[in-house]
Amino acid sequence: MVLLGTVSADNVDKTDKQAKKDIHFENSLVYGSQFAAEELPHFEMRDEPMPAETAYQLVHDELQGDGSTSLNLASFVTTYMEPHAEKLMTESMTKNMIDAEEYPATQDISNRCVNMIARLFNAPVNNADDESLGVSTVGSSEAIILATLAMKRKWQKARKAAGKPYDKPNIVMNSAVQVCWEKAARYLDIVEKYVYCTKDRYVIDPKEAVELCDENTVGVVGILGTTYTGEYEDIKALNDGLEKLQAEKGLDIKIHVDAASGGFVAPFVKPDLQWDFRLPRVVSINASGHKYGMTYAGVGWAVWRSKEYLPEELIFHVNYLGAEQASFTLNFSKSASQVIGQYYVLIRNGKSGFRAIMQSITETSDWLAAELESTGRFVRMNPGGGESLPLVAFRLKEKHHYDEFAIAARLRSRNWIVPAYTMAPHADGLKLLRIVCRLDFSRSRAAALVRDIEQVCDFLDTQDKETIAAWFKDHQTAKQTHAKNRKGTKMNDKHSLQGKHGKTHAVC
Ligand SMILES: Cc1ncc(COP(=O)(O)O)c(C=O)c1O
């Protein structure tokens, strides 16, 4: 995960002008131009412009170094939308979502999305004095930071009012949380209390979670679809355990559900599963519109059961460009495209469209898992059959002279991006591979992948340990070489679960 750009000390672009002094360039041609004959700037802006077509083509060419998005089975994030959705999104690109006065129709559409999603999560909607609230975010991470802040502030207010100390808030969660939870806790000065996985349990143990709660607990996190194995945590058991805790010890602790991926799957594949606002302890939920909400990257949602859980002092009433508006976000300006795209997806598919898609990819994931298991080489680690996200988390059945990371690396040379991970702490350093089945992961593609995985394993079987190690080292070097201009961004991440325990921060 590298998103923090480093301003390199080597800030001079070396262009080999000397060697080209005799060439007569034709700057009206992309590839006959001086621009194509030089390396594109890495550090310093050019002094002069270049023709638009050339700039387009050269950047386009540069991007060919990326993996294929549709073969990137590491990611939950949407890689296909219908042309009509893309058209609407392109048309909305110039609109700033925050300009409510100027773009009232856009604002209204955002509110419609909040309403539909809140109802999908069974938010109480019949009490006008106690309305549910929601907001569009850039993704689940922003939604989670906002929800955590709301939980912390509500807890602080209650502690202050009771004349009790309010300087040591904590939050209880599974050690297999996505890294955004570590960020939320760290950024908001909240102590992280982890329920650790074991070598055969990768979801939260509700009993242990309740035992970790104390008077400083701002909330407990339940995950609907963990990042590693896609399993649904037992949020009903968390709810019941916390009810009992209140009855016995008077501690009133609520739940936030991280439904980043499951929020748009479970309501259609497992509608009777009690995970949402039907449970009285669930006070807020996040979901990523850009995952199984089937919209391109950049949209998430946070929904609160009622105003009571969103302290008024966190909401800013700003008068922006002539209109009074309530704002609870971490950022201000953002494009309206993603929200418009989300609305298209909601009205275009309707509930039965969502059901058809989610059930179909669930079936594909089960088929894929069965095929992989039938090779005799692998064990599936998530239950499937609609009891988890439509993904296949699997590992080698037996010990070999190669591991899951070698398989992932070898698949990469066949253009598949299938990540290998080291599981959350206390799971014996367990390694796994994970294939996310998205909307555009068809049965034919799954069949091709199974064939390639088998061939990769057959190949690895014939190689000795040293050859595989040398080959793997070369693969790693290639990745590092590719990232040479990002050198320095790899900081000493000693503070995270990844840094401390070797858990891999999973791709989203
Ligand atoms: C369970 C869970 N929570 C949160 C996130 C972060 O989501 P986003 O990428 O939308 O910020 C992810 C990403 O995969 C996730 O799997």
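H3 has 17 residues and reaches 24 Å from its first C-alpha to its last, close to the 24 Å expected at 1.5 Å a residue (1.5 Å times one less than the number of residues). This is a predicted model, where local features need pLDDT of at least 70 and side-chain atom pairs count only at pLDDT 80 or more, while totals for chains, interfaces and linings use all residues. Numbering runs from 1 along each chain as its sequence is written.

Which residues of H3 are buried? They are Ile-109, Ser-110, Cys-113, Val-114, Ile-117, Ala-118 and Leu-120, where buried means 20 or more other C-beta atoms within 10 Å of a residue's own, with C-beta atoms placed from the backbone. Their cover includes strands S1, S6 and S7, along with helices H8 and H9. Just past H3, Asn-122 takes a positive phi of about 60 degrees.

Of its 126 residues, Ile-117, Val-220, Val-303 and Phe-394 touch the most other members. Helix H9 (337–374) supplies the largest share, twelve residues.

S10 runs antiparallel to S11 through three bridges, and Arg-380 stands opposite Phe-394. S11 also pairs (at least two DSSP bridges) with S13, antiparallel over four bridges; there, Ala-393 has Arg-434 as its bridge partner.

Methods
Core = buried A, V, L, I, M, F, W, Y, C linked by C-beta atoms within 7 Å. Buried ≥ 20, exposed ≤ 12 C-beta atoms within 10 Å, placed from the backbone. Contact = placed C-beta atoms within 7 Å.
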